[in-house]
Amino acid sequence: MDLTTGFLLLLIGILAGGYGTIVGAGGGFIFVPALLLLFKMEPAIAAGSGLIIVLINSLSGVVGYAKQEKIQYRTGLTLAIGALPGSFLGVWLLQLYSSSYFYVIFATLLVGLGIFLFTKNLPDKLKRHQPSDGYAYIAVSASGGNAGSFDTEVIKDEKESQSLKKWLIPLGLVIGILSSYLGIGGGWLLVPILIYVFKVPTHNAAATSIFSLCLYSTIGVMAQLFYGHVDWPAVIFGGIGVIVGSQIGVLLSQKIPGKVIIQMLSVLLIFIGVRMYFS
C-alpha cells in the first residue's frame, strides 16, 4: 500500500470515527462503503475489515462517553447478550450470500432507514420532544393542558418503556446478525430504535449503542479473523484515524442537539445507500 492510499484511509478513518461516535453507529457505515467504492475491495474483506474498525471506534468512544456518564450500562449489556450469537450467524450468512446480495441488502437498509429518520425529524412534523429523563412527553399548552393529564402521560410512557425491555435481547440478536454480515456495526439501526421505541434520549442512545458495539463486535471480529476476511493495511491506517476521530466526536457530541444528530445520521444513510445502488 502506497503512502497516498494510507493517508486517504487515515482521513476516512477520522471522518468515520468522529461521525460514527456522534451518531452511535461505530463509523463502519462510512468506512465499509469507502472500501467498496474507492478501493474496489471484495465485500467479504470489506465487511471483515470494517468490523475491526467498528470495534476500535467503539472502544475509543466508550472511554469518552463513560467520562460524560451518558451510557446506560444495563441496556447495553442486555443488547449484547442477544447480539453475541447474532454475530456468529451474521458471519455464517456472509459465507452464503455476498457479492450482489451484499450491495442490494446494504443499500436498501440504508436508504429506507435514512428516509424514515429524515421525515421523522422535519421541523413541521415534530409533535413530540424528548427531555433529559428519557421519556417522550406530549407538549401541553399553558391554557389548554392540566397537570393531571400530563402526569398520566408520564406514567403511561414509563410503563410502556418497562414493558418493552423484554424485546432488548431479540433486538440484540438482529443487530448482531446485521453487524457481522454488513461489517458496519448495528448502531445505525439500534440508535433510532432506542430513541423512538424505547424512549431513550438521543445522546444516551448514541453512547449506549457505542458501549454495546464494543461488546458484541468482539465476537464478530474473532469470527472474521478466523475466516481471514481482513485487509490489515486498511485496518491499521483506518484504525489510527478512527481513534483520533472518535475522541473528536465525543467532544463535539456535547455541543450538538439531539435532533441534529438524527438528521446527520439520516442524510448520510441516504447518500451512501444511493451510491451503493449505482456502484
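## Aromatic pairs

There are 3 aromatic pairs in this structure, where rings of Phe, Tyr and Trp (its six-membered ring) pair if their centres lie within 6.5 Å; planes under 30 degrees apart are called stacked, over 60 edge-to-face, and the rest tilted. One of them joins Tyr 73 and Phe 211, edge-to-face, with 5.1 Å centre to centre and 80 degrees between the planes. Tyr 73 sits in helix 4 (residues 73-96) and Phe 211 in helix 9, so this pair ties together parts that are 138 residues apart in sequence. Helices here are DSSP runs (H or I, at least four residues), numbered from the N terminus. Tyr 73 counts as partly exposed at 42% relative accessibility, while Phe 211 is buried at 10%. For those words, buried is under 20% relative accessible area, exposed is over 50%, and partly exposed is in between (1.4 Å probe, protein chains only).

Phe 226 and Tyr 227 make an edge-to-face pair too, at 5.3 Å centre to centre and 80 degrees between the planes. Phe 226 is exposed, with a relative accessible area of 68%, and Tyr 227 is partly exposed at 37%.

## What the model is

This is a predicted model: local features need pLDDT of at least 70, side-chain atom pairs count only at pLDDT 80 or more, and totals for chains, interfaces and linings use all residues. Residues are numbered from 1 along each chain as its sequence is written, and side-chain values use heavy atoms, leaving out hydrogens and water.

## Helix 9

Helix 9 (residues 202-227) has 26 residues, so at 1.5 Å a residue it should span 38 Å, and its end C-alpha atoms agree with that at 36 Å apart. The expected span is 1.5 Å times one less than the number of residues. At Tyr 216 the helix bends by about 35 degrees, taken as the angle between axes fitted to the seven residues ending there and the seven starting there.

Helix 9 is mostly covered, with 19 of its 26 residues buried. Just after helix 9 comes Gly 228, with a positive phi of about 75 degrees.

Trp 232 belongs to helix 10 (residues 232-253) and is partly exposed at 45%. Leaving out residues up to four places away in sequence, Trp 232 touches Ile 52 and Leu 225, contact being heavy atoms within 4.5 Å.

Notes: Helix = DSSP H or I, 4+ residues; strand = E, 2+ residues; numbered from the N terminus.
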